[in-house]
Amino acid sequence: MAITSPSERLWWKTPLHRVELIWILVAFFWGLVMFFMMIYWHAAGSQNLSTETYKTTPNEFYAKVEAMIGEHKVREAEGQPVVRPPPGADVYMVGRMWLWYPVLEFEKGQSYRLHLSALDLQHGFSLQPVNINVQVHPGYEHVLTITPDQSGEFTIVCNEFCGLGHHTMLGKIFVTE
Amino acid sequence: MSASLFRTCPTTGLKVDLQAEALIKANAVAAVVFLAIGGLFGLSVALTRWPAVHLLPADWFYLALTAHGLDVLLLWIIFFEMAVLYFASAVLLNCRLATPKLGWVAFGLMLAGGLITNVSVLQGQSSVMFTSYPPMMAAQHFYLGLILFAVGALIACGIFFGTLVIAREEKTYTGSIPLVTFGAMTAAIIAVFTLASGAIILIPTWLWSIGVVSNIDPLMYKLVWWAMGHSSQQINVSAHVAIWYAIIAILFGAKPLSEKVSRGAFLMYILFLQLASAHHLLVEPGLSSEWKVFNTSYAMYLAVLGSLIHGLSVPGAMEAAQRKRGFDKGLFEWLRKAPWGNPAFSGMFLSLVMFGFLGGISGVVMGTEQINIIMHNTLYVPGHFHGTVVAGTTLAFMAITYLLVPLIFRREIRFPTLAKWQPYVFGIGVAGISLFMMGAGTLGVSRRHWDITFADAPFDFSYPPAAFLMLGLNGIFAIMAALGGLMYILVVVASVFTGKKVEGKVDIGAPAGPPAVASYGSSETLRVPGTLMLVGVFFVAFVLYYFVNWKYLSDVWPMR
């Protein structure tokens, strides 16, 4: 029994039954499939998270955000600047207590280099209803190249707890045709 | 060496060190107390997330969520695991416990640490969530309490290893240690890794909170913290798998199909489970994809392989034993005629099934590098781990309690009818919690979030209506789970304090008939077609669900 010492002293020399052996092989093979599926998706899939990262500081990153707003601001929404960068541009978005800043406007089907960082605490970039979720750290600048393939209004929810106002922290991305 | 006092258990014939027994009792009682407190916090969280109820104000919600994680995920589980370690070493090996006095020191440190951290949370200055990610800072005694707790638990692991050494020296058993002890040893080895990681990260973080260290890198913190946070869940897995084996051995006289295979599977845990810190870092900046792929898959899913093996060998061992008893008809007579009214069995079997189907599959899918993009920090995450830690570990711990109370506390179970229904009420409640949180997470709903209507936010936004339904159902099932938890606590407390004293042999509800001890080795007697069928169903569900999620992923915006 499992609560007593094995009755066979040389338990490691006992034969393996076919049923167990087959299951071990099936399970091992399935593990390989799942492992290589991730690698395959890097080659063939369209949704892979970039690993391009730079060290930064809150001040340095915020200066880039402000510069971009100065250059490409087109209007305001709910009192926040809306920025419409040209396709392919470097776009900066910062998470802070408790806003994703600024509002961005993209063109459907175009790619943008989206730089994410945080000013104060960790925040969670959760783009809804698309459902893309990326962790955002202060001090790190993470660059993703995204290609919106739907038009409409999208919301960024903060999904990393960031203090008492966490549940009010939103941002917007508009995608035009 | 001082002579230890023993009693001989009239039911099992085991020699029980009274000092070990007292420590098992103390740790188990502390565990149950923290389960009760943490469970209530959990219920209040679920009722707040139910949009129609929205019980707590925001500050209390975040406080309750922090306390819930701390009290059940850490204190209930680790205290109970310490009881399991003492049981699996001293009791199962017929041995005296190494340094019992130190065992009380460990218990005292853990209790003091747990209380200090609880106080810091209740004071309202440490609502930083269980994970306490910097640069968010908690009160200093939040970290201090955790450090004391970890040191205490580390000492208890040392006592476990010491007891193994003594048992070997004093030849209290012949041959190899029992499989259950081997599983407990796996848990203890992982615990040492885990608690050491905890100390490595919490000590500097504590120094940071008192102003000695100027900066804690948030990414480095997460990497090391999760070497504690995730690996400690692997202590749970090892411990509850050991408990599954223990329960089927006690109730059915079941032998492992193959000692070699089962022990090999535990070895996979020791070798590979620690890599799982990566599961929490799949959408972080600054880490390479190679690192993520290798670590998140436990080096090609070798630890998952361990769990898949246990998934066959635990029900398989039970089936083989039942068939030997004569329940040999058809595919499932062995299962139909199992003692479903015995909470030790029903709790264990529900734990096994739900750990696999709910917690296991979702964990592997969510831990896939790219699929994590559509799940990270959504309610899918707590949905998954309520499937593992609550439906799996907690239910298994509850199940073995129904054996520990008569065998160790030597009291009869009070309110047997309540006890009989308890695993079902709790199990179905938790299954609902797990499923509906995963459902809401699939719809994108954030975890750790007070208001999914975003009433005070600067922009308009709402999750889809189905998410509101999911969270309502989650609340209803949370009430059911809380009821099941309450039944458990009622039965345990009433039995321990007012149950009839057990004299002589205990009826632990094992099925009648001679013990099903076959000659050793799996090759001659093995016939487990029912288990094969169950495993087949599981495997098909796993494969389908895995690829469905790749399909979901392929629908989101292209990114690189």
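View 1. Of the contacts in chain B between residues at least 6 apart in sequence, 85% join residues at least 24 apart; two residues are in contact if their C-beta atoms, placed from the backbone, lie within 7 Å. This is a predicted model, in which local features need pLDDT of at least 70, side-chain atom pairs count only at pLDDT 80 or more, and totals for chains, interfaces and linings use all residues. Residues are numbered from 1 along each chain as its sequence is written, while chains are lettered from A and ligands numbered from 1 in the order in which they are written. Chain B contains 16 helices and 2 strands (DSSP runs numbered from the N terminus: helices are H or I with at least four residues, strands E with at least two). Along the principal axes, the C-alpha atoms of chain B fill a box of roughly 70 × 55 × 45 Å. Buried residues make up 61% of the 560 (buried: 20 or more other C-beta atoms within 10 Å of the residue's own; exposed: 12 or fewer; partly exposed: in between; C-beta atoms placed from the backbone).

**View 2. The packing of H5(B) against H6(B).** The two helices pack at an angle of about 140°, with axes 7 Å apart. H5(B) is therefore oblique to H6(B) (under 35 degrees is roughly parallel, over 145 roughly antiparallel, 65 to 115 roughly perpendicular, and the rest oblique). Axes are lines fitted to C-alpha atoms, for helices over the stretch in contact, and angles run from 0 to 180 degrees between N-to-C directions. H5(B) passes H6(B) in a left-handed crossing (left-handed if the near helix is turned anticlockwise from the far one by less than a right angle, right-handed if clockwise). Residues in H5(B) including B:Thr194, B:Gly198 and B:Ile201 meet residues in H6(B), among them B:Tyr221, B:Trp225 and B:Met228. By class, this contact has 7 nonpolar, 4 polar and no charged residues (nonpolar: Ala, Val, Leu, Ile, Met, Phe, Trp, Tyr, Cys and Pro; charged: Asp, Glu, Lys and Arg; polar: the others, Gly among them).

**View 3. The contact between chain A and chain B.** Chain B gives 87 residues to the contact and chain A gives 73. On the side of chain B, the largest share, 8 residues, comes from H10(B). That side divides into 55 nonpolar, 21 polar and 11 charged residues.

**View 4. H1(A) across H10(B).** Helix H1 (residues 18-44) of chain A packs with H10(B) at an angle of about 145°, and the axes are 9 Å apart. The crossing is right-handed. A:Trp23, A:Phe28 and A:Leu32 are among the residues of H1(A) that make the contact, and B:Tyr301, B:Leu305 and B:Leu312 are among those of H10(B). The residues involved divide into 15 nonpolar, 1 polar and 1 charged.

**View 5. A:His72 in chain A.** Chain A has 2 helices and 12 strands, and A:His72 lies in helix H2 (residues 58-72). A:His72 is partly exposed because 18 other C-beta atoms lie within 10 Å. Leaving aside neighbours within four places in sequence, A:His72 is in contact with A:Val83, A:Arg84 and A:Pro85.
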